[in-house]
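Subject: Structure handover

Hello,

Please find the structure below. My notes on what was found in it follow.

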Amino acid sequence: MTIASQLFGFPSLTLAAAVESLLAVRLFPDYVSAYGRFTLVGGALLANYAFGLIFWAFLYPNFFSPLRHIRGPRAVISAAYNSLIVKEGPSGDLFLDLVKQYPDENLIALDCFGRQIMVAKPQLLADLLVHKCYDFSKPKRISAFLRRILGDGLITIEEDQHKFIRKNTMPAFHARHITDLYPMMWSKAGILTKALNREIANASSTESKGSAVLELTNWASKVTLDIIGIAGMGRALNVVEKANDPLQELYEELLEPDREKILFATLSLAFGFPVIRMFPWKMNNLFIYLTSSLDNICRDLIKEKRKAIIQNKDDHFDILSLLIKTDNFDDEVLKDQLLTFLAAGHETTASALTWSSYLLAKHPEYQKKLREEVTVALGENPQAGDLPADLAGVLKQLPYLNGVMQETLRLFPTVPLTMREALRDTQIGDQFVPKGTEMVVSIWQVNRSPDIWGPDAGEFKPERWINADDGKANRHGGAKSNYDFLTFLQGPRSCIGQEFAKAEMRCLLATLVTSFTWDLAMDESKIVPRGVITIKPEHGMYLRMRPLHHGA
Ligand code: HEM
């Protein structure tokens, strides 16, 4: 690949055109003076680029590439990009179909250049995600786009810089610290309940008998932003209690899964944001405005935090304080980390809470079982009572709470797809992988694979996560390997916030299910997971909610 890139890459082909033109001037002067030098140079460039195109699109993938034996659709628009524009059904299903089409393949070639390879069997993931993790990075085009939203934060940085920041951030995610966060998360869940009750009281009429239709994604996003506000920077944002908040509005606008935004993100991911930026498209200005506004808010938050620490007014163990106190980072680096934790730490869990509420609306029998289980453990209206001393311990042991949460995370992995690019020549299993190859992992496909989860892989069955013999919660769901459940990925680049996210989900689900009953208030065919990095229901999630405790 390296020799071929050097010989037939864009710079070499351009240089060769210059040499060819010079030779032509020397060898065929009459011919050159008849047609003119511009025509000659233009013709040479055109011929060389045409040859380059034929070489890369046909000759290299079929005759020279070390990946030429890998079977697959080798499509002009690969499934990785197609999944962003597909309209019919969930985009992750494209990868389930591909694996059905090529059932015996460990690796599947997705694009016509043979450079984008899907890892179709979890056995190979250990190499990609753990053993050879630092031989790969996020593809540069994708990082460049994400960097506009997340800065140079933990998600977008690579190699030594990544190792350093991850090590410095890990203490904020230790199990003991997450346990200490449960009461804060519980109290935020209580505030959400009060706000929803108020909303229902204002909206309900005599006909609706004290119930109201609410759109949940917005509320889920607000409460998770409040939680990450405290845990990430020790700041009470109180977004749930406000009619509008600039931070929440900016994220909502940025991550809204509308068609034009998805097209904009798809094109930026495929061709790079600098290319798309050259076009006169209003989305460019909107995107720059939204991301710059977030940048500015985070810069101000850091200044305030530094001041508070200097004045010794900061005794919080939040992520930002922790990073400031290491004295290893300047304000720009801190701003990028904060941007990452705010975005990665709230929209993801908000999406998970939305999907679990949807599944419980579709399966009222599990809603009832979950309510009974939490009521037995914590009382009929646990938000009104005293907190148990070991809230985390109690919630973690509840089998249905665990089962509903894990099954939601399995069926609706918030990040359904991830990609890596080989930074150097390397190997996955027995397969040599040349530098520049893109590896695609469909988290959605692995999590829903019938080979792993059985013929009922697509069904919601919280019992998978409950031991048949002793009725206790388990962490494997019946799968044999860690690579069978990929919602948080695995290895050094796995989700640092996974226990944080689960703690939030436990507190929010236990509170919601003991405060309301709900069912779907929209046409089910309209509920389609959509989004570029994370998935949300495209047309929102409308639920008819009824309070269980009047006057709450
Ligand atoms: C249900 C909730 C969540 C899901 C499904 C989720 C999923 C993921 C996935 C799949 C990755 C790997 C992305 C990739 O490499 O392509 C990731 C990385 C990350 N997540 Fe999460 N996440 C969740 C919640 C959170 C929360 C609550 C936080 C912070 C409080 C967080 C912070 C991060 C960070 C910083 C990374 C980058 C880690 C690294 O590269 O070292 N996530 N997450």
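A polar contact here is a pair of N or O atoms within 3.5 Å; within protein, one of the two must be able to donate a hydrogen and the other to accept it, and residues adjacent in sequence count only if both atoms are side-chain atoms. With that in hand, take threonine 418: an N or O atom of its side chain is 2.4 Å from an oxygen atom of the ligand.

Some ground rules come next. This is a predicted model, in which local features need pLDDT of at least 70 and side-chain atom pairs count only at pLDDT 80 or more, while totals for chains, interfaces and linings use all residues. Residues are numbered from 1 along each chain as its sequence is written, and side-chain values use heavy atoms, with hydrogens and water left out.

The domains

The protein chain is assigned domain 1 (2-64), domain 2 (71-150 + 415-447) and domain 3 (159-414 + 448-547). These bounds come from an automatic or database domain assignment. Taken over C-alpha atoms, the centres of domain 1 and domain 3 are 53 Å apart.

The ligand

How many residues surround the ligand? There are 29, and the closest are His162, Arg166, Thr418, Arg420 and Cys495.

By type, the shell holds 16 nonpolar, nine polar and four charged residues. In this count Ala, Val, Leu, Ile, Met, Phe, Trp, Tyr, Cys and Pro are nonpolar, Asp, Glu, Lys and Arg are charged, and the others, Gly among them, are polar.

Helices (H or I, at least four residues) and strands (E, at least two) are DSSP runs, numbered from the N terminus. At least two shell residues come from each of α9 (159-169), α17 (331-344), α18 (347-362), β5 (417-422) and α24 (498-515). The largest share, three residues, is that of α18.

For histidine 162, an N or O atom of the side chain is 2.6 Å from an oxygen atom of the ligand. For arginine 420, the distance from a polar side-chain atom to an oxygen atom of the ligand is 2.8 Å.

The iron atom

Which protein atom is the donor to the iron atom of the ligand? The single donor from the protein is Cys495 (SG), 2.3 Å away. Donors are N, O and S atoms within 2.8 Å of the metal (3.2 Å for Na, K and Ca), and sites may look incomplete, as water is not among the atoms.

Cysteine 495 sits in the loop between α23 (450-453) and α24. Its relative accessibility is 33%, so cysteine 495 counts as partly exposed. The cut-offs are under 20% relative accessible area for buried and over 50% for exposed, with partly exposed in between (1.4 Å probe, protein chains only). UniProt lists Cys495 under "binding site" in an unreviewed entry. UniProt positions are given in the numbering used here, feature names are shortened, and annotations may be inferred rather than shown by experiment.

The annotated transmembrane regions

The unreviewed UniProt entry also places "transmembrane region" at residues 34-59 and 262-281. Residues 34-59 are 96% helix and 0% strand, with end C-alpha atoms 35 Å apart. Residues 262-281 are 75% helix and 0% strand, and their end C-alpha atoms lie 14 Å apart.

Single residues

Phenylalanine 55 is in helix α4, and counts as buried because its relative accessibility is 4%. Serine 515 belongs to helix α24. Is serine 515 buried or exposed? Its relative accessibility is 4%, so serine 515 counts as buried. A polar atom of the serine 515 side chain lies 2.7 Å from the backbone oxygen of threonine 511.

Two residues have a positive phi without being glycine. Arginine 74, in the loop between α4 (37-64) and α5 (79-85), has a phi near 45°. Glutamate 159, in helix α9, has a phi near 50°. Most residues other than glycine have a negative phi. Glutamate 159 counts as partly exposed, because its relative accessibility is 31%.

Regards

Note on methods
Near = heavy atom within 4 Å.
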